[in-house]
Amino acid sequence: MHMADALINPAVGGTMWIVSTGLIAWCAHKLKQTMNDRLVPMMGVLGAFIFAAMMINFSIPVTGSSGHLGGGLILTILLGPYAAFIVIASVLTVQAFFFADGGLLALGCNIFNLGFFPAFIAYPLVYRVIARDEHGTLRAWIAAIVAAVVGLQLGAFGVVLETKASGISELPFGTFVLLMQPIHLAIGIVEGLATAAVVTFVARARPEALFSARLDMQPRNSMQPVLIGLLIATVIVGGAASWFASTHPDGLEWSIAKVSGQEEVTGTEDNLHKGLGQLQEKTAFLPDYGFKSTATETAPAEKTAAEPEQWPAISAGTSVSGIVGGLITLGLAGLIGFALKARRAGV
Amino acid sequence: MSHHIVEVRDLHFAYPDGTEALQSVSFRITHGEAVALIGANGAGKSTLLLHLNGYLTPTRGEVRIGEMPLVRETAAAARRAVGMVFQDPDDQLFMPTVFEDVAFGPLNAGLPAAEVERHVTSALERVGMAHLKDRPPYKLSAGEKRAVAIATVLAMSPDVLVMDEPSSHLDPRGRRRLIGLLQSFEHTKIIATHDLELVVEVCSRVIVLDDGRVVAEGPTVELLNDEALMLAHGLERPHSLRHLHPH
Amino acid sequence: MGLGQWIEIGRLDELGRLDTPVHRLDARAKVITTLVFIVVVMSFPRYEVSALMPFFLYPIALIALGRIPAGCILRKILLAAPFALVIGMFNPLLDHQTAAKVGVWNISGGWLSFASIMLRFVLTVSAALTLIACTGIHRLGAGLERMCAPRVFVVQLLFLYRYLFVVADEGTRMMRSLELRSAGPRSLRLRVYGSLVGHLLLRSMDRADRVYRAMVARGFSGEIRVLRQTSLRWTDWAFTGGWTAFFVAARIWNLADGIGRLFTKGAS
């Protein structure tokens, strides 16, 4: 899932760099607040451990193939989201430089795809919610598998979005998704199994090694900063990324046109714009934005009429839809989390 | 000058789960003495050493460095006075180069850059490793790592040197070099070790620990020559003393 | 990822500690130049092929001046190629519109963009590898910190690197003792895996505790302090400035095309 530079355009790469470095700085700040200097060597050694663990394979039950640990989820289970994110970022950096596994421009994307989703979504919203404080039980195993799958699915989807937004690969969105998601579903299950296997052992041998055992605050409180962080990240990603991504609508539309035929392209665009228009009408009470004029004046056909794109194409309409879309995603993630929580409470 | 004295008074230590590791440990080590802490595995040697720089806090009793009681507030000062060298050099050499590892202590003590450089250079020269100052630690041999680990502590100009199994994993030449080095140090030395031959050569006094208690204390030759005592506490008479006539 | 790749990291790091004019350049200058390089290369439109060629000068020059064995870099590029290949492969399959003619053959846009992707891949990957090969992780970390990367992150990078081999070594030893006691293939059953990797994890944590103990014994109280600060010299400015000018020029004008024209004009 490590993205190479060759498929990223500087705009997308740059945006994700900003997002990732911002997240790293924020995590560094949060870590400083907890003032746990014991973490310094621990994070380094655990990063080294991940590398070593990647060399060790286990045979996947049922199939004949083998798999190994990726590390994002287990790092978070051991260190908590902030420290784990930094460790994951450092692991990816070493991989990029020494193994040419992922490009430098794409490093920001990779850190986000492989770090943010396991540390800030899969762990707090899925793993902790399902597993609660159990370890080694069926529930804990399921939690690990579901969390790993969610984290990797989101990460894989991130790859798709970033590649499409870059407009270098011709791979149509639909095909790309069909390629990435099932593969990473399998990888996610493998990751979940490996993670659960190790966590089961560690929880029995040394329970205080797990982050959840060291949390002084109640789970509810510790979710708040995570959710706030998620919100900020989503707004940035949704808002900024859509500004930048709209630079290459011609590539996306061009390939859509090539694959799916002209009528479908205009049809899709009409629906999109209809939806956008409705949304914008609803939000027209926001002062000084002038959504409606933007919506009716720039029809998609005109966009593809080879006018030199301004970079970044700042259009309030796109960024609102980006933010709204992002918030919907966040909301969905939260809903899933709460739904699972509610189901547990109901049992 | 009074910082050279290390005193432990009725020290007790129990692990969080309740296991008693040390009970009623008391001793006094004075200026320039070289004392060996010996005992079977699990006797509590390493645990005791960790009290001498404040890393562990006794559950009862106290530790005094010089005339200063070792408590949380005085821990930083204690760590400058008491330099501790641990068993595995890889755990102590964690910076990118030898120079930076040796500079770590002085820098933490707040010394200015020029001072730090002086301390580092003299410490490395003292252990004969000045030529390796730009080497990364993983490129050193076991003996070199051991010497550099000692240098990392020497650079802080401690009054007391505490060492945990300093001769482990050293080849004969490396060990001989270490013994020569230890004999040349004027610091107060407290060495926990299984290497009883080294004890004979370097230390004038011996403290024997068994099951967390001090069971014997006295001049090296006298104690180590006492076969019954040695065998009773999981040790044995060192070979170099077997040919000595007991006085 | 096998033992062979570990030896490779060791090699790359050794290369990073050589002493050549390139190695002596400040890490910041090299990092910025490399980033500019990558951004410019990736800013080309989809079908550009010939204009990318002059950019090979940068990694080649660094490899030559930095005395880095080219085979080392090439091998890593080949190992990393599959991902870009797999994604890029779709382009010729999907894009059949003829974009260029070479003699009798019609070359489709898909093939052009595919070639462009692969060229960019080789360029960007070799730039990154060359950067680490002629800088080394420690100078790179120091440079990143001077460029305001969070201290926690840089320290993390250095500690990770420091204990990479140590932990990998322990893992290798555990695997070896396991292999000596088993008759079958190397893949473990899940329960054994959990136990083995779990043990490795606990040992790693124990080591981290011992390192922490040693750090505290030498006065550590949360901040890793730095000793030497390097300053930028005129060679660093010249390096970055010169190469950036070249990249921009090669972006604006298709130098390969120009040279080609010179030759064809001369020939006719």
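User: How are helix 2 of chain A and helix 10 of chain C oriented to each other, roughly parallel or roughly antiparallel?

Analyst: This is a predicted model, and the answer rests on its computed geometry. Helix 2 of chain A and helix 10 of chain C, the latter covering residues 190-217, pack at an angle of about 150° with their axes 9 Å apart. Angles over 145 degrees count as roughly antiparallel, and therefore helix 2 of chain A and helix 10 of chain C are roughly antiparallel.

User: Which handedness does the crossing of helix 2 of chain A with helix 10 of chain C have, left-handed or right-handed?

Analyst: The residues that meet there include Val45(A), Leu46(A) and Phe49(A) in helix 2 of chain A, and Leu201(C), Ala208(C) and Tyr212(C) in helix 10 of chain C. By class, this contact has 15 nonpolar, 1 polar and 1 charged residues. Where helix 2 of chain A passes helix 10 of chain C, the crossing is right-handed.

User: Within chain A, how are helix 2 and helix 3 oriented to each other, roughly parallel or roughly antiparallel?

Analyst: The axes of helix 2 (residues 39-54) and helix 3 (residues 72-79) of chain A come within 11 Å and cross at roughly 155°. Their crossing is right-handed. With the cut-off for this class set at angles over 145 degrees, helix 2 and helix 3 of chain A are therefore roughly antiparallel.

User: How many nonpolar residues does the contact of helix 2 of chain A with helix 3 of chain A have?

Analyst: From helix 2 of chain A come Met43(A), Leu46(A) and Ile50(A), and these meet Leu75(A), Leu78(A) and Leu79(A) in helix 3 of chain A. Sorted by class, the contact has no polar and no charged residues, and its count of nonpolar residues is 6.

User: Which element gives the most to the side of chain C that touches chain A?

Analyst: The contact takes 76 residues from chain C and 67 residues from chain A. Among the elements that give two or more residues to the side of chain C are helix 5 (70-88), helix 7 (109-133), helix 9 (151-180) and helix 10. That side of chain C divides into 49 nonpolar, 18 polar and 9 charged residues. The element that gives the most, with 18 residues, is helix 10 of chain C.

User: Is Tyr163(C) buried or exposed?

Analyst: Tyr163(C) has its place in helix 9 of chain C, and the residues it touches, not counting those up to four places away in sequence, are Gly44(A), Val45(A) and Ala48(A). The C-alpha atoms of Tyr163(C) and Arg207(C) are separated by 9.6 Å, although these residues are 44 residues apart along the chain. Because Tyr163(C) has 29 C-beta neighbours inside 10 Å, it counts as buried.

User: How many of the residues of helix 8 of chain C are buried?

Analyst: Helix 8 of chain C covers residues 137-146 and is mostly covered. Its buried residues include Ile137(C), His138(C), Arg139(C), Leu140(C) and Glu145(C).

User: Is Cys148(C) buried or exposed?

Analyst: Cys148(C) follows helix 8 of chain C and has its place in the loop between helix 8 and helix 9 of chain C. Its phi is positive, about 70°, although Cys148(C) is not a glycine. Because Cys148(C) has 9 other C-beta atoms within 10 Å, it is exposed.

User: What radius of gyration does chain B have?

Analyst: Chain B has 11 helices and 10 strands, and its C-alpha atoms fill a box of roughly 50 × 45 × 35 Å along the principal axes. Of its 247 residues, 46% count as buried, and among contacts between residues at least 6 apart in sequence, 66% join residues at least 24 apart. Because a compact globule with 247 residues would have a radius of gyration near 18 Å, the value for chain B agrees with that rule, at 18 Å.

Key
Residues numbered from 1 in each chain as written. Chains lettered and ligands numbered in written order. Predicted model: local features only at pLDDT ≥ 70, side-chain atom pairs only at ≥ 80, totals over all residues. Axes fitted to C-alpha atoms, helices over the stretch in contact; angles between N-to-C directions. Helix = DSSP H or I, 4+ residues; strand = E, 2+ residues; numbered from the N terminus. Parallel < 35°, antiparallel > 145°, perpendicular 65-115°, else oblique. Left-handed = near helix turned anticlockwise from the far one by under 90°. Contact = placed C-beta atoms within 7 Å. Nonpolar A, V, L, I, M, F, W, Y, C, P; charged D, E, K, R; others polar. Rg over C-alpha atoms; globule rule 2.2 N^0.38 Å. Buried ≥ 20, exposed ≤ 12 C-beta atoms within 10 Å, placed from the backbone.
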